[in-house]
Amino acid sequence: MSTIARKGIHYLQKLNASNVPTALLEKGQNRVIDASLTLIRERAKLKGELVRALGGAVACPSLLGVPLGHNSSFLQGPAFAPPRIREAIWCGSTNSTTEEGKELHDPRVLTDVGDVPVQEIRDCGVDDDRLMNVISESVKLVMEEDPLRPLVLGGDHSISYPVVRAVSEKLGGPVDILHLDAHPDIYHCFEGNKYSHASSFARIMEGGYARRLLQVGIRSITTEGREQGKRFGVEQYEMRTFSRDRDLLENLKLGEGVKGVYISIDVDCLDPAFAPGVSHIEPGGLSFRDVLNILHNLQGDVVAADVVEFNPQRDTVDGMTAMVAAKLVRELTAKISK
């Protein structure tokens, strides 16, 4: 647990011990939540107005940071990832054009509405049920400003549940999900935490927010992970059979008959040779070009996406994994924007 999280919980415990009325606490918490949502709402409104005024954009990805790390079962460094990813996107070591020729400096191609102030909200004693609702509401505020589409920067993988929930509810039906990860993250309730980053896709499937869930890059999976996969009809593609599955995975067609495609990329889907800055290092993963081939060749309307589980506290001195995460964001931008 982070120092900030501890301070927030201890602060709340002190207030409870002092017999501060619950109504008073909740009123203050609601003010903080309302202020947080107002900032996201107004930034999304401004960026949406700008994109619409410029004209010509049907879909414009909008970065939304969710710096949450406390639902990680091991290390909580992903809470510090969003600013590091942004810094790497714009650091100047490479040009601002994606491989497919999209220009990131064009606000019709990529915009940014800032971060959900996760730690500040938790510091007020807000529990995870309400915090997940704040994340979902923030995503919906972005989607209300057509043609903006959320491109979410995590954070640990627990954020995918409230994000996918919001996307599905806002669009009025399930999506198809392409999930790249070393782990299936589908435990029923890992270590007793229903919001664990290892349980996010169980919550998504239980809620009916996905029609198809394809999990690619899997190489650390337990018996429960396989049983849960069968229970929910998940299409799990393990690395031990990747050479056999490559042609299928590099020619995916998703989203027909549903509300579109959601892409969730856990940076540890990559072999640690390409991305050492992750909490759970699992050798034997995808190459960076494997991931790009899957993304570039995917046929489908990508309505939202996330990049999660980059841990700056485990990155190399020169920030290699930050650049890898930034490149993933850049190429997802190209996939979403039109």
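Asp181 has a relative accessibility of 0% and therefore counts as buried. In this predicted model, Asp181 sits in the loop that links E4 and H7. Beyond its sequence neighbours up to four places away, Asp181 touches His157, Val216, Gly217, Ile218, Asp266, Asp268 and Cys269. With His157 there is a polar contact between the two side chains, at 3.2 Å.

Asp268, one of the residues touched by Asp181, belongs to the loop between E7 and helix H10 (288-297). Asp268 is also buried, because its relative accessibility is 4%, under the 20% cut-off. Its contacts outside four places in sequence include His183, Arg219 and His280, and its side chain makes a polar contact with that of His183 (3.3 Å).

An unreviewed UniProt entry annotates His157, Asp181, His183, Asp185, Asp266 and Asp268 as "binding site". These residues span 112 positions in sequence, but no two of their C-alpha atoms are more than 12.2 Å apart, so they gather at one spot.

Helix H6 covers residues 160-171. Nine of its twelve residues are buried, which means that H6 is largely enclosed by the rest of the structure. Among the elements covering these buried residues are helix H5 (128-143), strand E3 (148-154), strand E4 (175-180) and strand E7 (261-266). After H6 comes Gly172, with a positive phi near 85°.

In helix H3 (residues 81-89), the buried residues are Ala81, Pro82, Ile85, Arg86, Ala88 and Ile89. They lie on the same side of H3 because they cover an arc of only 165° around the axis. They pack against strand E1 (60-66), strand E2 (111-115), E3 and helix H11 (320-336).

Methods
Residues numbered from 1 in each chain as written. Predicted model: local features only at pLDDT ≥ 70, side-chain atom pairs only at ≥ 80, totals over all residues. Heavy atoms only, no water. Helix = DSSP H or I, 4+ residues; strand = E, 2+ residues; numbered from the N terminus. Expected span 1.5 Å × (residues − 1). Buried < 20%, exposed > 50% of the residue type's maximum accessible area, 1.4 Å probe, protein only. Contact = heavy atoms within 4.5 Å. Arc of directions from axis to C-beta. UniProt positions renumbered as here; feature names shortened; annotations may be inferred. Polar contact = N/O pair within 3.5 Å; in protein donor to acceptor, adjacent residues only side chain to side chain.
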